[in-house]
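Morning, everyone. Please bring up the sequence and the model, and keep both in view while I talk.

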Amino acid sequence: MADQSPADQTPPSSDMQSLSISSQTPSSSSSSSSSSSSSSSSNQQISLEERFRIIRSVGEECIQEDELLKLLTHKPEPICYDGFEPSGRMHIAQGVMKVINVNKLTSAGCRVKIWIADWFAQLNNKMGGDLKKIKVVGQYLIEIWKAVGMDLNGKVEFLWSSDEINSRASEYWPLVMGRNKLPRIMRCCQIMGRSEQDELSAAQILYPCMQCADIFFLKADICQLGMDQRKVNVLAREYCDDIKRKNKPIILSHHMLPGLQQGQEKMSKSDPSSSIFMEDEEAEVNVKIKKAYCPPKVVEGNPCLEYIKYIIFPWFNEFKVERSADNGGDKTYKDFEELVSDYENGQLHPGDLKPALSKALNKILQPVRDHFSNDAKAKDLLKRVKSYRVTK
């Protein structure tokens, strides 16, 4: 049975959080480089228990914890797989949360293979199925991760699915043509943002088979994807049962941030008001957060609090609120539980929380804006991506 304890019960170490922050600018100062260097050195000496704690903190769910501990005991550098469809502009969950998670994993000794699923985006009709446009979007996404601070320390590898599959076709396609049955495949339609009731093309039915095969093709020990990809990762474990394979891939599913409006379970690239995009200007961020759903004293279903919990605290280790003395004066929260307590009893009002959230988000995003303003290649990529029509 899967352990479903929430990820925040095992928060990332301060070393990991400072790693995310110290590497957020592409051209870090000598002191930042020195700090990052000493972090890498200390990472090699961390205990098995600490490595487990850091890696486990990435997932809202882990299947299975005992297998993860056994893996770390026997393999110093496990391979983690993460993948994405290049399907449009990058929102903050795909940008900042991925950087936080990847930096945690590499700090704990993992190697991360990021699968740029260009063929999959074509199968799923993203960018109208235009592979050239899809590749442009993929390049744009990589530029963002570099700018915001993904720690590319030799342990992160970007792999284009079209290139890898073409170069190793004889190895890949037999994995796709495995023993998976159609009912199992159909229940995985959610991974494409579709349902079993949708009219699917033959290519879209093939999609879950390919994503399942990716895990074995990349020799992944850990599947580190969102909760929305859980079903296909479970499919991979069931496939291991069918072929009598003992070492199953461990599933580490991270939390999915909701949209900014009431009732939006997840962000949508086709609805700009539902999320913060990584290159949004400061004024755009301020307006979106100002309009976000954030009722006083209500914690459940409050997207602003989710942003603080899953982005601000992991990045800064704190949340600073600036307000007048009449409203309680400035306050720096060191843990999320204290903030929730103040919010529920009315000591922290949305009118003070929202500007503080906007300020923190803009601080994280500024290096990305600078990169896309000052780097000619990045600027051209963004211009082209913004001109593309998002298709589903």
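Where does Lys-383 lie? Lys-383 lies in helix H17, residues 376–387. Helices here are DSSP runs of H or I with at least four residues, strands are runs of E with at least two, and both are numbered from the N terminus.

Before going further, two notes on the source. This is a predicted model: local features need pLDDT of at least 70, side-chain atom pairs count only at pLDDT 80 or more, and totals for chains, interfaces and linings use all residues. Residues are numbered from 1 along each chain as its sequence is written, and side-chain values use heavy atoms, with hydrogens and water left out.

Back to Lys-383. Its relative accessibility is 63%, so Lys-383 counts as exposed. The cut-offs: buried is under 20% relative accessible area, exposed is over 50%, and partly exposed is in between, with a 1.4 Å probe and protein chains only. Now find Phe-372. Lys-383 and Phe-372 are 11 residues apart along the chain, and their C-alpha atoms are separated by 9.7 Å.

Now the whole chain. The protein chain has 17 helices and eight strands. It has 392 residues, and 54% of them count as buried. Contact means heavy atoms within 4.5 Å. Take the contacts between residues at least 6 apart in sequence: 75% of them join residues at least 24 apart.

Next, helix packing. I have two pairs.

Pair one is H5 with helix H14, residues 303–316. Their axes are 10 Å apart, and the angle is about 45°. Axes are lines fitted to C-alpha atoms, for helices over the stretch in contact, and angles run from 0 to 180 degrees between N-to-C directions. H5 and H14 are therefore oblique to each other. On this scale, under 35 degrees is roughly parallel, over 145 is roughly antiparallel, 65 to 115 is roughly perpendicular, and the rest is oblique. The crossing of H5 and H14 is left-handed. That term means the near helix is turned anticlockwise from the far one by less than a right angle; clockwise would be right-handed.

Which residues of H5 and H14 meet? From H5, we have Ile-92, Val-96, Met-97, Val-99 and Ile-100. They meet Tyr-307, Tyr-310, Ile-311, Pro-314 and Trp-315 in H14. By class, that contact has 10 nonpolar, no polar and no charged residues. The nonpolar class is Ala, Val, Leu, Ile, Met, Phe, Trp, Tyr, Cys and Pro; Asp, Glu, Lys and Arg are charged; the others, Gly among them, are polar.

Stay on H5, residues 92–107, for Ser-107. Ser-107 counts as buried because its relative accessibility is 2%. A polar atom of the Ser-107 side chain lies 2.7 Å from the backbone oxygen of Lys-104.

Pair two is helix H7, residues 131–148, with helix H16, residues 350–374. The angle is about 125°, with the axes 8 Å apart. H7 and H16 are therefore oblique to each other. Their crossing is right-handed. In H7, Tyr-140, Glu-143, Ile-144, Ala-147 and Val-148 make the contact. Their partners in H16 are Ile-364, Pro-367, Val-368, His-371 and Phe-372. By class, there are eight nonpolar, one polar and one charged residues in the contact of H7 with H16.

Now charged side chains. Asp-82 is in strand E2, residues 79–84. Buried or exposed, which is Asp-82? Asp-82 counts as buried, because its relative accessibility is 3%. Its side chain makes a polar contact with the side chain of Lys-98, at 2.8 Å. A polar contact is a pair of N or O atoms within 3.5 Å; within protein, one must be able to donate a hydrogen and the other to accept it, and residues adjacent in sequence count only if both atoms are side-chain atoms. Leaving out residues up to four places away in sequence, Asp-82 touches several others, including Lys-113, Trp-115 and Gln-224.

Then Asp-241, in helix H12, residues 230–242. At 41% relative accessibility, Asp-241 counts as partly exposed. Its side chain makes a polar contact with the side chain of Lys-248, at 2.7 Å.

Last, backbone details. A cis peptide bond joins Ile-63 and Gln-64, with omega about -5°. Gln-64 is in the loop between strand E1 and helix H4. Met-127 is not a glycine, yet its phi is positive, about 55°. Met-127 sits in the loop between helix H6 and H7.

That's my tour. Over to you.
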